[in-house]
Amino acid sequence: MSHPPGLDLAQLRAHLDRERPGLVGGPLSGRLIEGGRSNLTYEVSDGTSKWVVRRPPLGHVLATAHDMKREHRVIAALHDTPVPVPEALLLCEDDSVVGAPFYVMEFVDGTPYRTAEQLAPLGAERTRAAVLGLVDTLVDLHAVDPAEVGLGDFGRPDGFLDRQLRRWGKQLDASRNRELAGIDELQAALGRSLPDSPAATIVHGDYRLDNVLVRRDEVDGVDRIKAVLDWEMSTLGDPLTDLGLLAMYSARLELPDSPISTTASAAGHPAPAELIERYAARSGRDVSAVSWYTAFAWFKLAVILEGIHYRYTLGQTVGAGFDRIGELVPVFIEHGTDTLQKG
């Protein structure tokens, strides 16, 4: 039995046999689906059925260990709501089984579309329907009453935006090794113009097309969101932060050969304004301050990219495209500043 890095399949099988007898019918095989600094995702199978296992990154100890419980808790809570999530099957907080906390969930068949090139075979009409479905699913998520699904204590909504801005400011400070024109001014301007948040909802925290699984319905041919994944940033907070991030990812960057891939340039992909209008119409929320949330998303991504650039300059990040990340950061700062100023 060959084990994927970070997952001892024999230990996993023994634990599943103890905790969920009868679930697994044969020897397990597995492969790593995603790796990196985020939580690790594996597909495992007994030859008949498939499951997905999530665990923290290799070598990561305390902070992300909590994410396993949070992720498992939120998808378990949302299972009987209109929000499509995989069924949560088991949470293990005992490090001795595979070396870190982990959870097991249902395998959902679908595609996470990460680039415009991947969307191209769908054509304009199907692409448009899939992205509009992304908005509709976000409205469904924000309509869930946290208390009704046992998530009333899932976060601290009071002062949410102020804490978010300060958090990302600290992230920026941790990556400073060069002058970045305009980024401090953008942070200060965001701080001076904090909007009043609407009533708190469950917030995904990283809501975009490549964090959902899309599958075409064999009966009516419609591409639908079959599962929303990657809940490690989820909490209770301002729902418009999810909308602002989605709007930001839907803007056309027009950066040839950029290592930052989005789906926005795909034929048929709705523009940010249409997504915002659809969200407003379906949710009934006031989105008049959405430019602040979109500008904040640009700021947040600029900070993330600057962190990647900083690690690259220290020789801690290798791979194609990392040498170009640094030159993209000012583009994100400029977009954030323009978005905030134009309102």
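Helix axes are lines fitted to C-alpha atoms over the stretch in contact, and the angles between them run from 0 to 180 degrees between N-to-C directions. On this basis, in the predicted model, α4 and helix α7 (residues 240–249) pack at an angle of about 170°, with their axes 11 Å apart. Angles over 145 degrees count as roughly antiparallel, so α4 is roughly antiparallel to α7. The two helices cross in the right-handed sense. On the α4 side the contact is formed by Leu134, Val135, Leu138, Leu141 and His142, and on the α7 side by Asp242, Leu243 and Leu246. By class, this contact of α4 with α7 comprises 6 nonpolar, 1 polar and 1 charged residues.

Helix α4 (residues 123–143) also meets helix α8 (residues 272–283); the axes of this pair come within 10 Å and cross at roughly 40°. The arrangement of α4 relative to α8 is therefore oblique. The crossing of α4 with α8 is right-handed. From α4, the residues in contact are Arg128, Val131, Leu132, Val135, Asp136, Leu138, Val139 and His142, and they meet Glu274, Leu275, Arg278, Tyr279, Arg282 and Ser283 of α8. The contact of α4 with α8 divides into 7 nonpolar, 2 polar and 5 charged residues. Val135, Leu138 and His142 of α4 are among the residues that touch α8, and Val135, Leu138 and His142 also take part in the contact with α7.

A further helix pair is formed by α5 (residues 160–174) and α6 (residues 183–192), whose axes come within 11 Å and cross at roughly 165°. This angle makes α5 roughly antiparallel to α6. The crossing of α5 and α6 is left-handed. Leu165, Gly169 and Leu172 of α5 make the contact with Ile183, Asp184, Gln187, Leu190 and Gly191 of α6. In the contact of α5 with α6, 4 residues are nonpolar, 3 are polar and 1 is charged.

Turning to the strands, an open sheet of 5 strands is present, with the order β1-β2-β3-β5-β4 and antiparallel pairing. Its edges are β1 (29–34) and β4 (88–92), each of which pairs on one side only. On average, neighbouring strands in this sheet are turned by 25° against each other, direction ignored. Within the sheet, strand β3 (residues 50–55) pairs with strand β5 (residues 102–106) in the antiparallel sense over 4 bridges. Arg54 stands opposite Tyr103 of β5.

For the protein chain as a whole, the secondary structure amounts to 10 helices and 9 strands. The C-alpha atoms fill a box of roughly 60 × 50 × 40 Å along the principal axes. The radius of gyration of the chain is 20 Å, which agrees with the value near 20 Å that a compact globule of 343 residues would have.

Conventions:
Residues are numbered from 1 along each chain as its sequence is written. This is a predicted model: local features need pLDDT of at least 70, side-chain atom pairs count only at pLDDT 80 or more; totals for chains, interfaces and linings use all residues. Side-chain values use heavy atoms; hydrogens and water are left out. Two strands pair if DSSP finds at least two bridges between them. Angles under 35 degrees count as roughly parallel, over 145 as roughly antiparallel, 65 to 115 as roughly perpendicular and the rest as oblique. A crossing is left-handed if the near helix is turned anticlockwise from the far one by less than a right angle, and right-handed if clockwise. Contact means heavy atoms within 4.5 Å. Ala, Val, Leu, Ile, Met, Phe, Trp, Tyr, Cys and Pro count as nonpolar, Asp, Glu, Lys and Arg as charged, and the others, Gly among them, as polar. The radius of gyration is taken over C-alpha atoms; the globule rule is 2.2 Å times the number of residues to the power 0.38.
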